[in-house]
Amino acid sequence: MAEQQQQFYLLLGDLMNADNNVRKQAEETYDNIPGQNKITFLLQAVRDASAAEEVRQMAAVLLRRLLSSSFEEIYPGLTLEMQTAIKTELLTSIQHETSQNIRKKVCDIAAELCRNLIDDDGNNQWPEVLKFLFDSVNSDNVGLREAALHIFWNFPGIFGNQQQHYLDVIKRMLVQCMQDQANPHIRTLAARAAASFVLSNEGNTALLKHFADLLPGILQAVNESCYQADDSVLKSLVEIADTAPKYLRPNLEATLQLCLKLCADTNLTNMQRQLALEVIVTLSETAAAMLRKHTAIVAQSVPQMLAMMVDLEDDDEWAMADELEDDDFDSNAVAGESALDRIACGLGGKIILPMIKQHIMQMLQNPDWKYRHAGLMALSAIGEGCHQQMEAILQEIVSFVLLFCSDPHPRVRYAACNAIGQMATDFAPTFQKKFHDKVISALLQTMEDQSNPRVQAHAAAALINFTEDCPKSLLLPYLDSLVQHLHVIMVAKLQELIQKGTKLVLEQVVTSIASVADTAEEKFVPYYELFMPSLKHIVENAVQKELRLLRGKTIECISLIGLAVGKDKFMPDASAVMQLLLKTQTDFNDLEDDDPQISYMISAWARMCKILGKEFQQYLPVVMGPLMKTASIKPEVALLDTQDMENISEDEGWEFVNLGDQQSFGIKTAGLEEKATACQMLVCYAKELKEGFVEYTEQVVKLMVPLLKFYFHDGVRVAAAESMPLLLECARVRGPEYLTQMWHFMCDALIKAIGTEPDSDVLSEIMHSFAKCVELMGDDCLNKEHFEELGGILKGKLEEHFKNQELRQAKRQDEDYDEQVEETLQDEDENDVYILTKVSDILHSVFSSYKEKVLPWFEQLLQLIVQLIVSLQDLISRAERAAADASFPRSSVPTDRGPTGSGVCASSTT
């Protein structure tokens, strides 16, 4: 046994080896060890004081993971003696361990074991651990008090169904530790444990009220720990603001004041200051109405955000950079801008715009470029949240912003372009209709800034935003001027690419050309020859790795121009373009997963399909393989606990959802957008080619049906739903038997998706698609089981509508209710009603297909439908009474209840 243990130590060493091959081989060996043996070896390694500390730590981490991931497979199979020995060994080890790090990791193992030993009825099958907690928390040994708090923090549900019985004891334990004047570390741990307990009981209003007097102690610990270079309690406060914001209500003023103080203290780290601001911003999203009662403090937080946005460094190379680096999300400037955007959306323009307007005006007049830059970026950030209020003064804002396109500092000109581009999106199409002449002129002038490529590129990017939402009729008078400017810049930048290898401006200009063509449509025909030769030249020659994005954007541009000018104009070039695309397609398998060309290629093929129509069918054998490969991407996912999160959260491309109980679900998002694009393109092919797509319907339907449950990306589920009726249309040519088989494959999944889909926008698409499928398939497409399940789901949707109405009425009685809350409730109501229209679509399709045969099934819904009609009549009656009681003379109240009454007036006067 001793020899085996020594070999296991060597294996643990190899698992930490920097050499990938050694580590991979060690992982395979470790995975092949039976679970019960693993527990024995790992536990022995953890308690072996003579082993190297890093080996013991590794063993502790692996043992905790083993209990987390494979408890059911391993633990119940152990003998009772072995189970008891593990429990005893863990508690003994915590009591006698001299290394603080090892003791902490053993506490994590104990908490994980305890989490798994709470049975379905809430009984803790390890009662000794509760006695250990009480004894340790009252011990003179600081290490034991730390251990007890660490276990409770890690698993606050440790008391199981006895929690209510021990509630006062738990509270006394936490208060006692938060008042430990001799040991600041104990106070910090106790505050974290208290926060963890609050978070695990977020829905228990009575408990939160009972523990409300712990909040001042938590806030004190936040303050103390921050100045000890520890932000763990502050992070807990952010979590409370996110998950249990009402817990903060009794001490909201103190919470906000503390966060404001910490945010303003430049002696703290940037991360600590940003976390303090995050508490306020998160509350604006999770408890906006509650926060709106403290506008004085919110008003003080706005200058803090703006001050962070000024925290920029002078960089002489900035304007000439050819590679755009990703935003540094840890920087104060990015954090401040993001906070401003979110708080404006959370609290609304009525609150935020008056607070910020004067500050921005002062910043824009500051001689220091950083302030002018921050002021313009702030305008960009608040557009979405302050939409209604800014729209009223848009003339004044735009006139002022345009002045900064000529600012002496390039980064201010860049920020002006950013503000224009953002407003072009946020206020479209009003922005385009009112300011087209001034904006196009200013952007074209800024695009001529040859000595500052970064500014040039951003002006082109702003032009893209402007043209994307610009009505065609408004753009046409400027078309000639736009095209000439873009052509001159493209030719110059193409020369620069050849001579110097610079590409940033060319990438944006190519997209600008595509956007102008997309809006101008057939009016772009006269300019076709001006651009197409150069664009084809780029695709043929830009084959180096660093030019992948340029090549992808050029492929997009060619396909958009082709779509704009139409088949007749494009056909002479179509063959050459197709050969270029086919060559790229042949190399598709050699492209890296993150190659930007992939998504551009996939979209370009779909546009070529629209241009060529049935003639595109011949290219499907080449196109479909890579497209299906991309649509079939499976994301990397992981269930991680807090310890693992510390190692992985910084990794590129991971996003996390907190599941509670110190666990998070992680997904690597790389490839998700490409997958969604590919699925949408499959929909496009089915729609455009119809029976010409029949050869691929079977493999596509087998891909799409499971994707109705792909909860990692809404766009994928929408595409899956959209594809169903289209694939049935394609398959019709194969005859009724083939069609019925395909329908049977998708029907169950569609009905289940209607019942389980969490997102209302996606749900409406699924319901709409199901209704179209039923209409298409006709009588006898649903069996008895289908009808039963569908009836239950539709009944549930109707009942949910009434339940939501009751909840909204309850919110109107809440102490935080105000007019902004009412706006949100109205939006929720509209959303509900939209889902009801989809219920109506399904009922319509069923009645259309089954006629009177469906009446007995419909009876289960009849009472709810009647209730719906009655509630609608009540609503109309209340509206009419409100109109009658209005403070206008009776004769001035219009009798027509339509949107404007103009149609009625017009007919009565003629």
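This is a predicted model: local features need pLDDT of at least 70, side-chain atom pairs count only at pLDDT 80 or more; totals for chains, interfaces and linings use all residues.
A second polar contact, 2.9 Å, ties the Asn 201 side chain to that of Gln 163.

Numbering runs from 1 along each chain as its sequence is written, and side-chain values use heavy atoms, without hydrogens and water.

I placed Asn 201 in the loop between α10 (184–200) and α11 (205–210); helices here are DSSP runs of H or I, at least four residues, numbered from the N terminus. Asn 201 counts as buried because its relative accessibility is 10% (buried is under 20%, exposed over 50%, with a 1.4 Å probe and protein chains only).

Next I checked Leu 262, in helix α14 (residues 252–264). Leu 262 is buried at 0% relative accessible area. Leaving out residues up to four places away in sequence, Leu 262 touches several residues, including Val 222, Tyr 227 and Ala 276 (contact: heavy atoms within 4.5 Å).

Last, α1: I found Gln 5, Phe 8, Tyr 9, Leu 11, Leu 12 and Leu 15 buried. They cover an arc of only 160° around the axis, so they sit on the same side of α1 (arc taken from the directions from helix axis to C-beta atoms). The buried residues of α1 pack against α2 (20–31), α3 (35–47) and α4 (53–74). Exposed Glu 3 and Leu 10 are on the face turned away from that buried side.

Conventions: Helices (H or I, at least four residues) and strands (E, at least two) are DSSP runs, numbered from the N terminus. A polar contact is a pair of N or O atoms within 3.5 Å; within protein, one must be able to donate a hydrogen and the other to accept it, and residues adjacent in sequence count only if both atoms are side-chain atoms.
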